[in-house]
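Got a two-chain model open and want to talk through how the chains meet?

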There are 2 protein chains.
Amino acid sequence: MRLKLRIAYDGTPFEGWQSQPSGNTVQDILEAATEKIQGLRSTIHGSGRTDAGVHASGQVVSFSTGSAFPLERLCVALNSELPDDLAIRESACVESSFSARFPAIERTYVYALFARPARAPLLTRHAYHVWLPIDLQRVRMAAAALLGERDFRSFCGLLPEGGVTVREVRRLRVERREDLIRIEISATGFLHRMVRTIVGTLVDCGTGRRAPDEMPAVLAARDRRAAGHTAPPHGLYLAGVRYDGFDSYAEPPIFRWG
Amino acid sequence: MRLKLRIAYDGTPFEGWQSQPSGNTVQDILEAATEKIQGLRSTIHGSGRTDAGVHASGQVVSFSTGSAFPLERLCVALNSELPDDLAIRESACVESSFSARFPAIERTYVYALFARPARAPLLTRHAYHVWLPIDLQRVRMAAAALLGERDFRSFCGLLPEGGVTVREVRRLRVERREDLIRIEISATGFLHRMVRTIVGTLVDCGTGRRAPDEMPAVLAARDRRAAGHTAPPHGLYLAGVRYDGFDSYAEPPIFRWG
């Protein structure tokens, strides 16, 4: 039986998605939970390898099992084995050919910024605090230059296997309500640290540290040093993954009210 | 010089407001920060003694100092000495007779509940998760019985000095948006654990564990055992304190968007 789960986590206490010797990753903790349920033990595949500290409101994972554990009780059973910072929101039985990682049509990340002089202690873990005022027009101007199919090598941390750094950014929306800024980025796939480097560079444009019309030159440089700073992980959310006939999107709670 | 500060904190890492031998309270950490600024060292008074784990978006504190530290730089100077979970949002110079604790006209607490079967990892630290469905009509019916000047002894943890347990609840509002429920309670003053015991009892009414029309009998019993469970601290926010000519109210971020 092949299972697909929609999961959410607060990235603060975890060392990212992917299994590590420490065992303190989302994948490790999920796999340990499956071991506690008779016959369910399995290797779990995630749709996106979130870095340490990055949150997820709509991550999708898949695994195979020979167990006949009743699907309708699977969420409750697994959640009772998981820490409070990690939860399964939905489980479904899928075709045996399905893998969370490969057939995704689109992934959407949401980044939370709050821009004001004073800290907001109650947002510390869930948004990136920028002390300087941010000019949204400048951010939007810079963002427009990053839409479409581009070579994002300048916005890439570790180069991917094969070295292909062309990706298609399908949506890049910037909205503000009071001092909270929401940046939504959708693409088929992302490079390592691509969203955080895009956000850091957009922030640099918004605060006046760099000019929004530099973006074409930054892309053309194909050099990480041409782009801006890497925004920290705690403002980033893997919000949704779209497959044929299924979309896991869930708005991060920081933006859900209203 | 007498100073009034409006502060906010995430209660998760602190052992409450009031000074303790451990030194890990909001008062201790604020006082330690004043010590680091030449001549500012002072005892700080808070408008409400929040329990361990309780948050504040609009706490007010006051202290006296002989220091001539320029007021316009005080927020920045103190914030640079404070941990991320605690921040000063505003400072003002006040009359020497002012104390944050005594002349408050009204205090407002906001409580965040989320009611749905599955956990929400990204709200874990900032709202109380209730697994059972909550019937808002039943909650409102029970809440109506608690409005006005009443003897709240049944909703009191430790009895106050003098033993007077009559308080006036001026507002008790219950709203829901999707799975998030906001309970706002305003009164001149509150008894120990009064808000959390009221919220716990309202939740018991909402989930069907007790009948909303029992509230008059619960009040009349003047016995803590007559009321419901104590809701946990992590859903509670000291949101505002109103003085003559000044209101520190700030909506907790979990409810601010939109």
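**The A–B interface**

Chain A and chain B bury about 3400 Å² between them, with 56% of it on carbon and sulfur atoms. Buried area here is the accessible area (1.4 Å probe) that two parts lose on being put together, summed over both. This is a predicted model: local features need pLDDT of at least 70, side-chain atom pairs count only at pLDDT 80 or more, and totals for chains, interfaces and linings use all residues. Residues are numbered from 1 along each chain as its sequence is written, chains are lettered from A and ligands numbered from 1 in the order in which they are written, and side-chain values use heavy atoms, leaving out hydrogens and water.

Reader: How many residues does the contact take from chain A and from chain B?

Author: Contact means heavy atoms within 4.5 Å. On that basis the tally is 35 residues from chain A and 35 residues from chain B.

Reader: How many salt bridges does the rule find across the interface?

Author: The rule wants a side-chain nitrogen of Lys or Arg within 4 Å of a carboxyl oxygen of Asp or Glu. Arg125(A) and Asp85(B) meet that way, at 3.6 Å, N to O. Across the interface of chain A and chain B, the count of salt bridges is four.
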